[in-house]
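Me: I'm new to looking at protein models. Could you walk me through how to read one?

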Amino acid sequence: MIRFHVFSNPKAKDFIEESGYRCTMLESASRRMVNTVAIGITRESELKKVGGFLNALSREYCVYLILQDSRNAEVEDDIVSSPSGLYLTGKENEFIAHVVNDDVVKKTCHDLSLSRSGYYKMLKRILGKLDLESAEQLRSWALVHLSV
């Protein structure tokens, strides 16, 4: 099942639902997230089905496409559910922002004054805190719960 997620924007939710898709409203205190839409895709056929709609949607909103392995995820639970993330430290939130933006390890280490081993230790610690298994799940979690 294809489900869109919008952040604090009832206009975007109405537009998506009027187009015949399911949509969940998520709240975000960040003004940056107001024009953001996320969709989790598990199969190539889903991407083909919504391709034209995503093009139209991206003209007005920032669209995050989350590609997931269908062998390891239930379609209904396509985005990781967890608490709001308020218990993460500022440095951990900054680290997650780098991971979400797909920064390379070297740049993240330089920007955050981390060693290469420190990068992987922090990644492992954050994954443990949030009960996640991979950086891909962390990206999905961050798009839903943080304003990155």
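This is a predicted model: local features need pLDDT of at least 70, side-chain atom pairs count only at pLDDT 80 or more; totals for chains, interfaces and linings use all residues.

Me: Which way do strands β3 and β4 pair, and over how many bridges?

Reply: Two strands pair if DSSP finds at least two bridges between them. Here β3 (residues 36-41) and β4 (residues 62-67) pair in the parallel sense, over 6 bridges. Strands β1 (residues 3-7) and β2 (residues 22-26) also run parallel, joined by 5 bridges.

Me: What handedness does the crossover from β1 to β2 have?

Reply: Picture the strands pointing away from you: a crossover is right-handed if the path from the first strand over the helix to the second runs clockwise. The chain goes from β1 through helix α1 (residues 10-18) to β2, and that β-α-β crossover is right-handed. Another right-handed β-α-β unit is made by β3, helix α2 (residues 44-58) and β4.

Me: How many helices and strands does the protein chain have?

Reply: Helices (H or I, at least four residues) and strands (E, at least two) are DSSP runs, numbered from the N terminus. The protein chain has 6 helices and 4 strands. Their order from the N terminus is β-α-β-β-α-β-α-α-α-α.

Me: Now a helix, please. Which residues of α4 are buried?

Reply: First the general idea: an α-helix has 3.6 residues a turn, so residues three or four places apart point the same way. Buried means under 20% relative accessible area, exposed over 50%, and partly exposed in between (1.4 Å probe, protein chains only). In α4 (residues 105-112), the residues V105, T108, C109 and L112 are buried. They sit on the same side of α4 because they cover an arc of only 100° around the axis, taking the directions from the helix axis to the C-beta atoms. The face turned away from that buried side carries exposed K106 and H110.

Me: What covers the buried residues of α4?

Reply: Look for contacts, meaning heavy atoms within 4.5 Å. The cover includes α3 (90-100) and α5 (116-130). After α4 comes S113, with a positive phi near 55°.

Me: What share of the protein chain is buried?

Reply: Buried residues make up 44% of its 148 residues.

Notes
Residues are numbered from 1 along each chain as its sequence is written. Side-chain values use heavy atoms; hydrogens and water are left out.
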